[in-house]
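Thanks for coming, everyone. Let me put the structure up, and then we'll walk through a few parts of it.

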Amino acid sequence: MEAAPRLPGMEVRPVERHVYEVQIGPAHPGSGHMRIFVEVDGDIMVRVDPDIGFVHRTMEKLAEGRDWIKNIPLFERMAILDACNITLPYVEAVEKILDIDPPPRAKYLRTLLCEINRIASHLYGMGIFGVFLGHSTLYMWAFGDREVFVQLAEDLTGARLTHSYPVFGGVRRDIPDDFPQNARKAARYMRNRLNEYAKIFLNNPNIRKRLEGVGVLDKNRATELGIVGPNVRASGIKYDVRLVEPYEAYDELDFEIPIFEEGDSLARAWVRVEEIRQSLNIIEQAVDWLERHPREGFMHDRFWKNAPQLYKDIYNGKIDYAGKYRVKLMPLFASLKVPAGKASARVEAGRGEMFYYVESDGKNVPYRVRVVSPSFRNVIAFKYVMPGHRLMDLPAIYGSFDYFPPEWDR
Amino acid sequence: MHVPAKPSPKEVPRATFLGRAVAGNLGALAVGVKYFFDPNRITLLYPHEYIKLRQGYRGYIVLIFDKCISCASCARICPARAMKMVSINVFDKKLKKYMKKKYPVINYNRCIFCGFCVDVCPTEALYHVPYHDLVYNSMADMVLTLEDFQKEPEFVTAKEGVPVTYIYDEKKGLVKVHYEEEGGEVQKAEGGQASAATEAQGEQAQGGGG
């Protein structure tokens, strides 16, 4: 083959005879904007290349020009359906530099919203997975049941998706009075519902035929590629940030981390169902704890000690137009200067480990924020798992990884 | 360190060939038939019904002019730069003279409804109204003047629509009920027109499973 023209940053890929290149994307009806180059020989995929960087939005650079607190709504935009999990490590890292530790009630409230978000995120992923396989019932069911948890999150924070809930030193709202009973009802409902999910989707022979033994990611390969989250737990690796490095209130809660050995698409779907079950347990435990303990310590003393009487009145609902159980932010949040230092934090988000590295040089904006999102670490698996399968297996594998393009390219 | 979380190995349920062919298909069909006759419907017939959101929802923002102390905290904390301060001549009651003061105005083209401005206001001069479905005629209208910012925006849907709210239910998840203003008593929504329209949608949803 003669020399192809070379330009910096340009990649020339010779395509073999009898091989066609198919582009999945750029606008995908199921998942948002992304692109995968697939080379097919007949019906068999021989080469799969996810186009990393296609919807890059310069999150890290934007963060360098914004005040510390303004980055919380910015980072939420990476995965709005998993908003609390996505912003929490940033808040934790800044708290480490500020050297403050949120009070226990704030930790439980954060944990509560994290688990609500995890369920909503898994249900969203399962709904998309279902519609990829042509199973539109599951799509309707999962999105309808997700509404229960979106409603819980709305009751707690005042917004359906972009909660901006954790702030430095605490949280922005306390639970409403009727929240515990609603959360328990939702948990009982969802537990029954998961059995029906298994009947209509996961144990349905039509679906099993499409998923069993498809897209097998074995233990070694998963470790090699650095896959995270439910996907790695479906391959038999016991790795979960809640297990290896408990954060917030997770070291006081009793729950299991489901591990599956198979590593195929079916196991990746099952691990999510089992995780929803565990998240429901965590929600019930957190709600019990919050009910038992008095409503105090939702914000670190450094930001609440000097709060005027008006702030306490608003929290107690004495001002009629202002709502109830709202935690006011001190005006110093608007011009917060974080002392020089560096810190990192990670949490287990819905799709896997979410990591932030934050560096401050003492100004009112961060010097550097590095974000490593779970979908970015999972997407590389497509390149190694998909070749050898038929093109019709692409949606099955793609959906089973529950991957989210805006979070992949942030 | 105490770590109560523990990994628990699980297995994907395996079934014999007969079990898979018979029990798998029958189970799926049974669930499909069950929801064909008794579906979970949460569809909102939007312009005819609207969700009566509870207080605390982060909707549109209104300024209480008399409480504002011109501290500009709201403009400084706004992550989307939607809040701006404008200078106007007002009569100061304490100093008994006209003077220039700054007051916030909001640009709803930019606002992301994070509520930081409302939470940071030291005198609670801003508050959220619990609705979010408004229409503006042009982009220019969405940049509010100081006068407009003090008025609660007109909630057009509430004029014709029926207020509904969703309550949690152990069997059904969310159940749509009519919202009643006083007493907080709620009744099941079973209007003839409403159920006829959701019927069609429910059947569509069931089509894939059956």
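This is a predicted model: local features need pLDDT of at least 70, side-chain atom pairs count only at pLDDT 80 or more; totals for chains, interfaces and linings use all residues.

Start with strand β9 of chain A, residues 341-349, and strand β10 of chain A, residues 352-360. They pair in the antiparallel sense, over nine bridges. Which residue is the bridge partner of S344(A) in β10(A)? That is Y357(A). Getting from β9(A) to β10(A) takes a hairpin, through two residues.

Next, a sheet in chain A. Three strands make it up, in the order β1-β4-β5. The sheet is open, and the pairing is antiparallel. β1, residues 19-24, and β5, residues 44-50, stand at the edges. Each has a single partner strand, so one side of each is left without a neighbour in the sheet. On average, neighbouring strands here are turned by 25 degrees against each other, direction ignored. Look at β1(A) and strand β4, residues 36-41 of chain A: six bridges join them, and they run antiparallel. One pair to find is E21(A), whose bridge partner in β4(A) is E39(A). In a regular strand, remember, side chains alternate between the two faces of the sheet.

Now for helices. Two packed helices are described by the angle between their axes and the distance between the axes. Take helix α3, residues 83-98, and helix α4, residues 104-132, both in chain A. They pack at an angle of about 135 degrees, and their axes are 7 Å apart. That angle makes α3(A) oblique to α4(A). Who meets whom? From α3(A) we have A83(A), C84(A), N85(A) and L88(A). From α4(A) come R110(A), L113(A), C114(A), N117(A) and R118(A). By class, the residues of this contact divide into five nonpolar, two polar and two charged.

Stay on α4(A) for a moment. It has 29 residues. From its first C-alpha to its last, α4(A) reaches 42 Å, close to the 42 Å expected at 1.5 Å a residue. Is this helix enclosed or open? Of its 29 residues, 28 are buried, so α4(A) is largely enclosed by the rest of the structure. After α4(A) comes G134(A), with a positive phi near 80 degrees.

On to where the chains meet. How many residues does the contact take from each chain? It takes 63 from chain A and 51 from chain B. Several elements of chain A each supply at least two residues to the side that touches chain B, among them α5 (136-157), α6 (179-202) and α11 (265-292). By class, that side of chain A has 31 nonpolar, 13 polar and 19 charged residues.

β8 (256-260) is another of those contributing elements. Five bridges join β8(A) to strand β1 of chain B, residues 6-10, and these two run parallel. Within that pairing, I259(A) has P9(B) as its bridge partner in β1(B).

The loop between α10 and β8 of chain A holds E248(A), with phi near 45 degrees. Buried or exposed? E248(A) has 23 C-beta neighbours inside 10 Å, so it counts as buried. In chain B, look at F113(B), in the loop between β5 (97-106) and α3 (116-120). Its phi is about 55 degrees. F113(B) also counts as buried, because it has 21 C-beta neighbours inside 10 Å.

That's the tour. Questions, please.

Definitions and conventions: Residues are numbered from 1 along each chain as its sequence is written. Chains are lettered from A and ligands numbered from 1 in the order in which they are written. Two strands pair if DSSP finds at least two bridges between them. Helices (H or I, at least four residues) and strands (E, at least two) are DSSP runs, numbered from the N terminus. Axes are lines fitted to C-alpha atoms, for helices over the stretch in contact, and angles run from 0 to 180 degrees between N-to-C directions. Angles under 35 degrees count as roughly parallel, over 145 as roughly antiparallel, 65 to 115 as roughly perpendicular and the rest as oblique. Two residues are in contact if their C-beta atoms, placed from the backbone, lie within 7 Å. Ala, Val, Leu, Ile, Met, Phe, Trp, Tyr, Cys and Pro count as nonpolar, Asp, Glu, Lys and Arg as charged, and the others, Gly among them, as polar. A residue is buried if 20 or more other C-beta atoms lie within 10 Å of its own, exposed if 12 or fewer, and partly exposed in between; C-beta atoms are placed from the backbone. The expected span of a helix is 1.5 Å times one less than its number of residues.
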